[in-house]
Amino acid sequence: MAEKNKEDVDRKALQKIRRHFQSLHQERLERIQKELPPHQQNFIRLLSLLFHINHPMLPGYVNSTTPAGLSDFTPSKDQLRIAKSISRSFSYQQRALRSYLIHGIYLMGSMGSIAHTDKSDFDIWLIHDPQLDTEQQNALSTKANLLETWADELGLEVHFFVMDVESFRRGDRATISHESSGTTQQRLLLEEFYRTGILIAGRYPLWWLVPPEHESNYRDYANRLIKKRFVNDYDCLDFGGLEKISVEEFFSAARWQLFKGVESPYKAVLKILLMEAYAREYPNIQWLCQEAKKAIYSGCKDLTELDPYVRLYLRVEQYLLERNEPDRLELARRCFYFKTEQLLSRNQDNQKGNWKAELLLSLATKWGWGQVEFASLDSKDNWKVDRVTEERNRLVQELSYSHRLLTNFAREHAQEHRVDPAELTLLGRKLYAALERRPGKIEHLNPGISNNMLEDQLSLQLVKRQNKNNIWFLYRGEITELNQDTISPLKSSTSLVELLTWCHINQITSRDTQFRLYPDSCPIVSADIRALLDALRTFCPHDQQPQVPLTALANVPYMVSCSLFVNVGQDPLAHLVKQGKLLTSSRCNPLSFGAMHVSLLCNLEQLITTSWGELLVIKHNGKAGLLESICQYLELALQAPPGMPLPIVNARGFSSNNANSIAQRIEQVYRDVYRNFSQSGNGLDSRYTLQIEDNYYLIQRNEEKFTWFEMDSIQALLEELGQPLTRYRPTAVDSQTLINNPIPAILQHNQPERIQLFFYPAKGYTNLYILDEQGALFSQRIYGADEQHLLVQQQRFFEQHLNRRDLLSAIGDLHPSEPVKYYRLSKNSDGQWLLTDRHPPIGEIPFNYLELRLLSDNTDLTKGHYSLVCRNKEFSALEYGDELYTAVAEQVQSWRTGDKSYPLYLTGVELSGATANLSNRTIEMLHLKKRLETQLNQALTKLNNHSPSLSA
C-alpha cells in the first residue's frame with residue numbers, strides 16, 4: 001500500500017488490503033472445515049447465526065433478551081439449511097436491527113495451521129458492545145457456556161472468551177482468559193491474536209489497515225484513519241498496537257510459558273525459544289505478526305508461506321543458528337515435528353495431497369532428516385523408560401537453561417522497570433519442585449513424551465554392603481550372573497519403596513509385570529512386591545495426581561499426605577523365633593510388645609506428597625528412625641496454612657503375622673502426634689511423650705525445629721517434665737504410654753496460668769503431683785501424711801508464694817494470681833483415673849501453728865547465706881553448718897505433743913537481693929522446698945528411729 005502524499009491515504013489501497021486479509025482468513029477457515037467431520041463442521045458454520053439471533057430451538061438459547069445481532073452479517077443459505085436440520089420448526093425472518101450488540105467472532109490459536117491436530121481446542125473471542133450491562137454480559141456468557149457444552153457433545157473442545165475491545169485495551173485480563181497467567185500479558189496476547197486469529201464474522205481488526213512502516217506510531221495512524229473517515233469505526237475493531245511492551249509484561253509471558261513447560265514441554269519449548277529471540281531484540285522487537293503483515297502487504301497469498309507456526313519455527317531456527325546452538329535447534333525441530341502429529345515414516349505415496357505432510361517433509365529434508373529419524377520419532381508413543389529418560393533430561397536441561405536466560409533478562413532491566421521478585425521466586429519454586437533432583441525425590445519422567453512405558457519384565461537385585469546400607473538395583477528384563485555387570489540398571493536406591501514408587505508413578509509397571517528377584521537369599525519375595533505395588537495403587541492412584549496451583553507455590557511446602565510402609569523385608573520376631581523366645585503376653589503394644597517389651601518396628605519408609613506436588617521417599621530404621629520420621633512429618637505437616645485439613649496418613653505393614661497391628665499402631669501415633677501439635681490441639685509449644693520398649697521419648701519443638709530425646713526410666717521422665725519452663729508448654733502422653741500411671745490424666749488436665757495440685761493416697765504414703773503455671777510437673781512422695789494435714793500445709797506454702805509473687809510483680813501487671821486447684825486421684829473399676837475436687841479446710845489452723853520458712857539470697861543454697869526460721873526462731877547455716885537440719889528437727893520435735901512422726905513441711909520461701917524476682921518460678925520453689933523437706937524429714941526420721949524417709 002502507498003500513500004498519495006504524507007497527508008492522504010489511498011482509499012482503494014485500503015479496500016484492496018482489507019479484501020486480501022479477508023480472503024486469506026476465509027481460506028484458512030475452509031482448511032479448518034475440511035479437516036473436521038461433517039457434524040463438527042456444522043458447529044463452525046452455524047456459529048455466526050447463533051449469535052445473530054435468539055431462537056429457542058437452536059443450541060445455546062438462554063432467553064429472547066440475550067444480546068444478539070452480529071455486525072456486517074447476513075446468514076447464508078447453507079447456514080439456514082443447517083439450522084433447519086437441527087430444528088424443523090426453525091424459520092429465519094430477516095429484520096432490520098437498531099443495533100448490533102455482537103461486534104465480532106474470532107478463532108485464534110493453531111487452527112488452520114500446520115500445528116492443527118485432532119486434539120487442538122478452539123479458542124474463540126466473542127466481542128460484544130462495550131455498553132452491555134452486567135446482566136446482559138452474564139446472559140451472553142451463559143449462552144457461550146451452553147455452546148461449549150454443545151461443542152463437547154460434538155467432540156470439540158471449545159473455549160469462549162467474552163469481552164469488549166475497550167476492556168481489552170484497558171488490560172482487564174480476567175475478561176479474556178479462563179486460565180490465569182499472573183501479570184497481564186495484553187500485548188503479547190494481542191501479538192498472538194494478530195498472528196493466528198481468524199475472523200469468522202463481524203468487524204475486522206483496524207490493525208490490518210495500518211501499514212508495517214507505521215507500526216511504531218500505530219495510535220496516531222489509526223486515529224487519522226478514523227478521524228478522516230478513511231474507515232468507518234462501525235466496520236472495524238481497534239484492539240490497539242504493539243508499539244510498547246513493558247519488561248513486566250514480557251517477563252510474565254515468558255515465565256508463564258516456562259510454567260506450562262513443566263507439564264507439557266513439547267508444547268511450550270518453541271514458545272519459550274521465541275520469547276528468548278524476542279528478549280534478545282528487546283525493546284525493538286520484530287514481532288512475527290508484523291513480519292507476516294509485511295508479506296501480505298507485499299502481495300503474498302500463499303497460506304503455507306504465511307503459516308503462523310512455520311514462521312514461529314523459522315524465527316526460532318534463525319535465533320539458534322545465530323547463537324550456534326545445534327543441540328537446542330535439534331530439540332526445537334523435534335518439538336515442531338511432534339506438534340504437527342504427522343508421521344513421515346509412513347508410505348509417502350499415501351501422503352500426497354496432505355499439505356501438512358508435504359510441507360513438513362520439505363522442512364525435514366532441509367534438516368537432513370530421513371527414514372531413520374522419522375521411524376524413531378514416529379515411535380515416540382511407545383518409547384520405553386531409557387529413551388524417555390534421555391528425552392526428559394534434554395527437556396529439563398532446556399527449561400533450566402531458558403530459566404537462567406529469563407532471570408538474567410529480568411535482572412538486567414530491573415533497574416529501569418519494576419520486575420516483581422515474587423514472580424522470579426514462584427518460577428524458581430515451580431522448576432525446583434518439578435525438575436530438581438535430590439535423594440528420595442520421585443522424578444516424573446514422562447511429561448507427555450510416551451503413551452506406553454510399560455515393561456513386561458523387570459529384575460531387582462539386592463547388593464549387601466559392609467556398612468549394612470544395602471542397595472537395590474532395578475533392571476529391564478531378566479538379568480543373570482553373567483550379564484549383571486554389563487547391563488546398566490534403570491535406577492538404584494537403598495529404598496525398595498522408592499524404586500517401586502518410581503516405577504508406579506511413571507507407569508512402568510502394571511499388574512501383569514513380572515519381577516525377578518536376585519539373589520536367591522533375597523529377603524523379599526514376589527508376593528511382597530505385589531503387596532507393595534497394591535499399596536501404591538491405593539495410596540497414589542494414577543488418576544489422582546495432585547494439581548499444583550500457582551498460589552500453592554507462594555507458601556512454603558507442606559505435607560498433603562503421608563503413606564507409611566512398615567517393616568519392608570524384615571520380620572521383627574524372626575531372630576527371637578530362631579532363639580526359641582516366642583513372645584506370649586497380654587501386652588500387645590507393638591512398640592513395647594510382650595513380656596520382653598520389644599519394639600516390633602524394624603524399618604519405616606515414608607512416601608510424602610507435598611503441596612508443591614513433590615513425591616518424597618525417606619527411609620528410617622529402628623526406634624530412632626521412627627522418632628526422626630515423626631519429627632520430619634511434623635515439620636512438613638504443620639507448615640500448612642490455617643484451615644487446611646489433617647494430612648492423609650495411611651500405613652501398611654509387611655513381612656510378619658503382626659504386620660497389620662504394627663502398621664495401625666504407627667498410623668495412630670502419627671495422627672495423635674499431629675493432633676497434639678496442631679492449632680486445634682495443644683499447639684506448637686506443646687510436648688509429646690511416647691514409650692518405645694522400656695524407654696520414654698519426649699518430642700518437642702525447639703528453635704523452629706522438632707526434636708526428640710530419650711529417658712531410660714519413669715523417674716528420668718519425671719525429672720525432665722519437672723524442669724522449669726519459660727512459657728506455657730502443655731505435655732500430652734501417647735495413649736499406650738504410662739497406662740497404669742496417673743501422669744497422663746494429670747497432664748491432660750493442665751491449664752495455663754494456674755497451679756494445680758493432685759494427690760493419690762496409697763498405703764503408708766501419698767504421691768503428690770503439682771502442675772505449675774507453665775506446665776512443668778513436680779512430683780514428690782510423702783510418707784505418713786493424712787489428707788487434711790497435707791492440704792493445709794500445701795495451701796500455706798502456696799498462699800505465701802503467690803502473695804509474695806503478686807507483691808513483686810511488675811507495676812503494669814496488677815492482675816492477681818489464679819487460686820490453686822486441688823484434686824484427689826482415684827481409680828474406677830475399669831482402671832481409669834478419676835479426679836475429684838478437694839478444698840483445704842478453712843478456719844482450722846490453730847494460732848500457734850508451726851511456721852517454717854526459708855530465708856535466702858539465692859535459690860542455690862550452696863552459693864549463699866540462708867537460714868530456717870521456725871516460730872520466729874532463726875537457725876542460720878553459718879551457725880549450725882552440717883547440723884542445721886538436725887537442730888531444726890530437734891526443735892520441732894520438742895514442740896510437738898502426741899504423734900511426733902508426721903512429716904515436716906516448709907511453709908514459705910523468702911528470697912532477697914538479685915534472686916528475688918525468681919520467686920515467681922513456682923517449679924523452682926517446689927524443687928527447693930522438696931530438697932529442704934527431704935533433709936529435714938531425714939533428720940526427723942533418725943530422731944524417731946523410722947526406716948522410711950517422711951518425704952522423697
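This is a predicted model: local features need pLDDT of at least 70, side-chain atom pairs count only at pLDDT 80 or more; totals for chains, interfaces and linings use all residues.
User: Why is Gln507 called partly exposed?
Analyst: Gln507 has a relative accessible area of 45%. Partly exposed covers the range between the buried limit of 20% and the exposed limit of 50%, so Gln507 is partly exposed. This residue is placed in the loop between α18 (496–505) and β10.

User: Where does Arg871 lie, and why is it classed as partly exposed?
Analyst: Arg871 is found in the loop between β25 (866–870) and β26 (873–876).

User: What is the peptide bond from Tyr282 to Pro283, cis or trans?
Analyst: The bond from Tyr282 to Pro283 is cis, with omega near 5°. Pro283 sits in the loop between α9 (265–281) and α10 (288–297). A cis peptide bond also joins Tyr518 and Pro519, where omega is about -5°. Pro519 belongs to the loop between β10 (514–518) and α19 (526–539). Most peptide bonds are trans.

User: How do you know how many disulfides the structure has?
Analyst: A disulfide is assigned when two cysteine sulfur atoms are within 2.5 Å. A search of the whole structure finds zero disulfides.

User: What makes Cys335 and Cys870 buried or exposed?
Analyst: Cys335 has a relative accessible area of 0%, and Cys870 has a relative accessibility of 0%. Buried means under 20%, so Cys335 is buried and Cys870 is buried.

User: Why is Gly683 called buried?
Analyst: The relative accessible area of Gly683 is 15%. As the limit is under 20%, Gly683 is therefore buried. Gly683 is found in the loop between α23 (659–677) and β15.

User: How do you know how Gly683 and Gly764 are placed relative to each other?
Analyst: Gly683 and Gly764 are 81 residues apart in sequence, and their C-alpha atoms are 40 Å apart in space.

User: Why is strand β2 described as largely enclosed?
Analyst: Seven of the seven residues of β2 (residues 122–128) are buried, so the strand is largely enclosed by the rest of the structure. Both faces are covered: Phe122, Ile124, Leu126 and His128 are buried on one side, and Asp123, Trp125 and Ile127 are buried on the other. In a regular strand the side chains alternate between the two faces of the sheet.

User: How do you know which strands pair with β2, and in which sense?
Analyst: Pairing needs at least two bridges. Six bridges join β1 (residues 102–108) to β2, and these run antiparallel. β2 and β3 (residues 158–163) pair in the parallel sense, over six bridges. Ile124 of β2 is the bridge partner of Leu107, and Ile124 also stands opposite Phe160 in β3.

User: Which unit do β2, helix α4 and β3 make?
Analyst: β2, helix α4 (residues 134–153) and β3 make a right-handed β-α-β unit. The term right-handed applies because, with the strands pointing away from the viewer, the path from the first strand over the helix to the second runs clockwise.

User: What makes β17 and β18 edge strands?
Analyst: An open sheet of four strands has the order β17-β16-β15-β18, with mixed pairing. β17 (705–711) and β18 (731–733) each have a single partner strand, so one side of each is left without a neighbour in the sheet. Neighbouring strands of this sheet are turned by 25° against each other on average, direction ignored.

User: How do you know that β15 and β16 pair?
Analyst: At least two bridges are needed, and six bridges join β15 (residues 687–692) to β16 (residues 695–702), running antiparallel. Gln691 stands opposite Tyr696 in β16.

User: How is the length of helix α8 set against the expected value?
Analyst: Helix α8 (residues 247–263) has 17 residues and reaches 25 Å from its first C-alpha to its last, close to the 24 Å expected at 1.5 Å a residue. The helix is mostly covered, with 14 of its 17 residues buried.

Technical notes. Residues are numbered from 1 along each chain as its sequence is written. Side-chain values use heavy atoms; hydrogens and water are left out. Helices (H or I, at least four residues) and strands (E, at least two) are DSSP runs, numbered from the N terminus. Buried means under 20% relative accessible area, exposed over 50%, partly exposed in between (1.4 Å probe, protein chains only). Axes are lines fitted to C-alpha atoms, for helices over the stretch in contact, and angles run from 0 to 180 degrees between N-to-C directions. The expected span of a helix is 1.5 Å times one less than its number of residues.
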